[in-house]
Amino acid sequence: MVDFKFIFNKKKFDISFPLDDKVSELKVEIEKMTGVPAAMQKVMYKGLMPDGKTLREKSVTAGCKMMVVGSTVSDVMSVSAPDPKQLKEEEKAAEAASKEPLSTQKPHKNVLDKHGKPDDILPGIKNKKEPLPQVPVSGMYNKSGGKVRLTFKMESDQLWIGTKERTDKISMGSIKAVVNEPISGHEEYHMLGIQLGPTEASRYWVYWVPAQYVDAIKDAILGKWQFF
């Protein structure tokens, strides 16, 4: 057994738990103490704690502090339902978009044709999944051609979107969705849409994201669940 603390919603909780039990089992215990369903939790200690690892494998020690991020079911259910008209418009847009790859649709094709492939982009690997690197994912650009780097601050549950002009620190809990699609002809790279508001129009597009990091990026931002 190991005694440690975890912090949730600015409150500290004392817990004693077997070192050789998995993080997924720890989440069940945390659910009993906080009311946050295990599937809706992100547990962080020296980075995001994978469900399949034991506390011993993650080098948990007595007296350490973990961070727990998540929403209770009542919190999620209290979110106002989207406007039906808005949903219909988005369904129509999605249906139209499904007929043609995103990267060949005019708005995105114009961006890709104008700015081309960055010279300093990280190497992309198709059909491979890798964890997030220890350094920011960089070398990409946004729809205006401005260079973009993505930094994942798991201890504060924030995504930092950095450009030459500014760095926006965004709460991951406020991000509604993350969509992605391979770039036609360069499938080792994806275009990634980070939805910062209620509609598709609020997506922040990042181009030339190395394919091997896409799943890790989505898991880091959304966790392994999405309430929609």
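This is a predicted model: local features need pLDDT of at least 70, side-chain atom pairs count only at pLDDT 80 or more; totals for chains, interfaces and linings use all residues.
1. Strands β5 and β6 form the hairpin, with five residues between them. Within the turn, G145 has a positive phi of about 90°. The two strands pair in the antiparallel sense over three bridges, and β6 covers residues 147-153. For orientation, strands of a sheet pair through backbone hydrogen bonds, either parallel or antiparallel.

2. D120 lies in the loop between α4 and β5, whereas K147 belongs to strand β6, so the pair ties together parts that are 27 residues apart in sequence. D120 is partly exposed, at 47% relative accessibility. K147 is likewise partly exposed, at 40% relative accessibility.

3. Backbone geometry deserves attention at two residues. As background, most residues other than glycine have a negative phi. N127 has a positive phi of about 60° although it is not a glycine. N127 is found in the loop between α4 (106-115) and β5 (137-141), and it is exposed, with a relative accessible area of 77%. W208 also is not a glycine, and its phi is positive, at about 70°. W208, however, lies in strand β11, which spans residues 203-210. With a relative accessibility of 3%, W208 counts as buried, because buried means under 20% relative accessible area.

4. Next comes the open sheet. In what order do its four strands stand? The order is β2-β1-β4-β3, and the pairing is mixed. At the edges stand β2 (11-17) and β3 (42-44), each with a single partner strand, so one side of each is left without a neighbour in the sheet. From one strand to the next, the twist averages 30°.

5. Within this sheet, the pairing of β1 with β4 can be followed in detail. Strand β1 (residues 2-8) and strand β4 (residues 65-69) run parallel and are joined by four bridges. The bridge partner of F6 is M66, in β4. In general, the side chains of a regular strand alternate between the two faces of the sheet.

6. A helix packs against the sheet strands. Helix α1, made up of residues 23-34, lies across β1, β2, β3 and β4. The helix runs at about 135° to β2.

7. Another salt bridge brings together the side chains of R203 and E200, at 3.9 Å from N to O. E200 counts as partly exposed, its relative accessibility being 27%.

Technical notes: Residues are numbered from 1 along each chain as its sequence is written. Side-chain values use heavy atoms; hydrogens and water are left out. Buried means under 20% relative accessible area, exposed over 50%, partly exposed in between (1.4 Å probe, protein chains only). Two strands pair if DSSP finds at least two bridges between them. Axes are lines fitted to C-alpha atoms, for helices over the stretch in contact, and angles run from 0 to 180 degrees between N-to-C directions. Contact means heavy atoms within 4.5 Å. A salt bridge is a side-chain nitrogen of Lys or Arg within 4 Å of a carboxyl oxygen of Asp or Glu.
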